[in-house]
Amino acid sequence: MTYGQCMNLFPQPHIMELKGGKLRITKEFRIVVRPNASDIENIAANELSKFIKCPVIIGTPEANSIYLGIKVNAAQPEGYILDVKSDRVSILGNDPSGIFYGAETLQQIIENKGFNIPLLHIEDWPDLKYRGLYIEDKWGPDLMSLDEWKELIDVMASLKLNFMGIGIYGCWGIQYDNEILEFLMVPFKSHPELKTPKKISFYSPTRTADITISYLPPMFVKDFLRELIAYGKNKNVIIRPQFNSLGHNTLIPRLHPEISAKDESGHPTGYGFCLSSPLTYEILFSLYDEIIDKYLKPNCIDFFHIGMDEIYPCIGRDLEHPKREIDPWCKCPECKGKPREELLLSYFFKIIEHLVSRGINNISIWNDQLKRMGLLEKFSSQLETKGLKEKVIIEWWHYGPHPFKSIKPELGLRRWVNPMTGYFFWTTYKSYLKNIQLMLDLGYAQGVEGIECYGVYDPAFHRNYLYLSDYAWNKSAG
């Protein structure tokens, strides 16, 4: 059956045949899982059980059952077969995640009134390996509770999105209340001085007074990132932190001026790092290691995003002189004596090699600074020489209607594309469907392995999430 004819499913299945007639779920039905079923299979079965009010048992396919089992096709990970006959349902996954997605599809097609299911046969699989959202650490996500983050993961799982990046550290310029906008979403035992308190001021009609509330992000206060990553794994959603550096970095160099970039007079600027100082790497790696040991290793996650976008002079980084332009590039004698290209590549490889030594095998970097400085080819060559090419992902971001002509497939780098699903709450809501489409068109044409849409989370952006889900799973849906 062709796209557009497959009922109201997101994402659309690749192959679907409607046979006519319906199966009615009755109280005699059982949800059957295989012996030694994985955690994610049992979660899929239990969610179906809650939805259709049927018990879960261990066994084999039989009449009046919904059977969850394995039928391996190694060429199509996360793929599944959903077969609805007149007396039973079979969900056969190529792996446990395929079973999970087959169960999600079944829930979409069940008609709640009477729990009727159309008789049909679906064969389905994703066209992109990684499909997901990047949630920026900014206003909105900084106030999300653990339950709200879990609700977002549930939405993503229902749409067969399997990846979520979370910004856990990022800094911008002075924007409100004469304060530098900085967000740190997790606490550090090794550096308790690092925190980003915020305040909200509003008029309360009930109190007939202006109210100011001071707060730290719930994720920081309750330190629930480890629990959130575990919850994501149970819904086949990998959660990866982003800890930005250099361009979006004021908090650490302001509180640790000894590693800050220096101006021509040798004074710390509070923006960027001194890339020649061993202390820079000592502090930075202690923060990375705490993230890895506390949140990633316990959940067997080997993804990490080091940011590295927009490394250039900006205003609004100095509270005493907000209109003064400050350069994140250090001008100490040692840094000044080296080409910036050499400094940046050396910095990249020190970080990459440290993360790889800690078991991180998927290290993401934004594309723009490497492209801006004309370093993609040299970076790719050095990655290959050092045997690190398979460890690094270049993420190509663009949020407008005219994407790149090329994302350099000839370099043989791992690459993802990054459109936008929606960003600021205080701007007019708009559609990013065209941006998502064009970036995925480019990605499919030039062989990317994933898409990660940038933005903050808001249910009002759901139309964009639906299209992302549809096209990233099934390229014929574009």
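**Aromatic pairs.** I searched the whole of this predicted model for aromatic pairs and got 30. I looked at two of them in detail.

The first entry is Trp-139 with Tyr-176, an edge-to-face pair with 6.2 Å from centre to centre and 75° between the planes. I then checked where the two residues sit. Trp-139 is in the loop between strand 8 (130–135) and helix 3 (146–158), while Tyr-176 belongs to strand 9 (residues 163–176). They are 37 residues apart, and I noted the pair as a link between distant parts of the chain.

Are the two partners buried or exposed? Trp-139 has a relative accessible area of 18%, so I put it down as buried, the limit being under 20%. Tyr-176 comes out at 37% and is partly exposed.

For accessibility I have Tyr-429 as partly exposed at 43% and Phe-461 as buried at 3%.

**Aromatic cluster.** I listed one cluster made up of Tyr-169, Phe-188, Phe-243, Tyr-281, Phe-285, Tyr-288, Phe-304 and Tyr-347.

**Charges over rings.** I looked for lysines placed over aromatic rings and wrote down two. Lys-198 has its charged end over the ring of Phe-183, 4.4 Å from the ring centre. Lys-386 lies over the face of Phe-349, and here the distance to the ring centre is 5.3 Å.

**Nonpolar cores.** Which residues touch the most other members of the largest core? This core has 116 residues, and the answer is Trp-149, Met-164, Leu-228, Phe-243, Ile-365 and Phe-379. Helix 7 (residues 278–296) is the element that gives the most to the core, with 10 residues. Phe-243 is on this list and is also in the aromatic cluster above.

Setting aside neighbours within four places in sequence, I find Trp-149 in contact with Ile-135, Pro-141, Met-144, Met-164, Ile-166, Met-185, Met-219, Phe-224 and Leu-228. Of these contacts, Met-164 and Leu-228 are also in the list of residues that touch the most other core members.

I also recorded a second, separate core of 35 residues, including Ala-45, Val-89, Phe-100 and Tyr-101.

Methods:
Residues numbered from 1 in each chain as written. Predicted model: local features only at pLDDT ≥ 70, side-chain atom pairs only at ≥ 80, totals over all residues. Heavy atoms only, no water. Phe/Tyr/Trp six-rings, centres within 6.5 Å; stacked < 30°, edge-to-face > 60°. Helix = DSSP H or I, 4+ residues; strand = E, 2+ residues; numbered from the N terminus. Buried < 20%, exposed > 50% of the residue type's maximum accessible area, 1.4 Å probe, protein only. Lys NZ or Arg CZ within 6 Å of the ring centre and 35° of its normal. Core = buried A, V, L, I, M, F, W, Y, C linked by side-chain atoms within 4.5 Å. Contact = heavy atoms within 4.5 Å.
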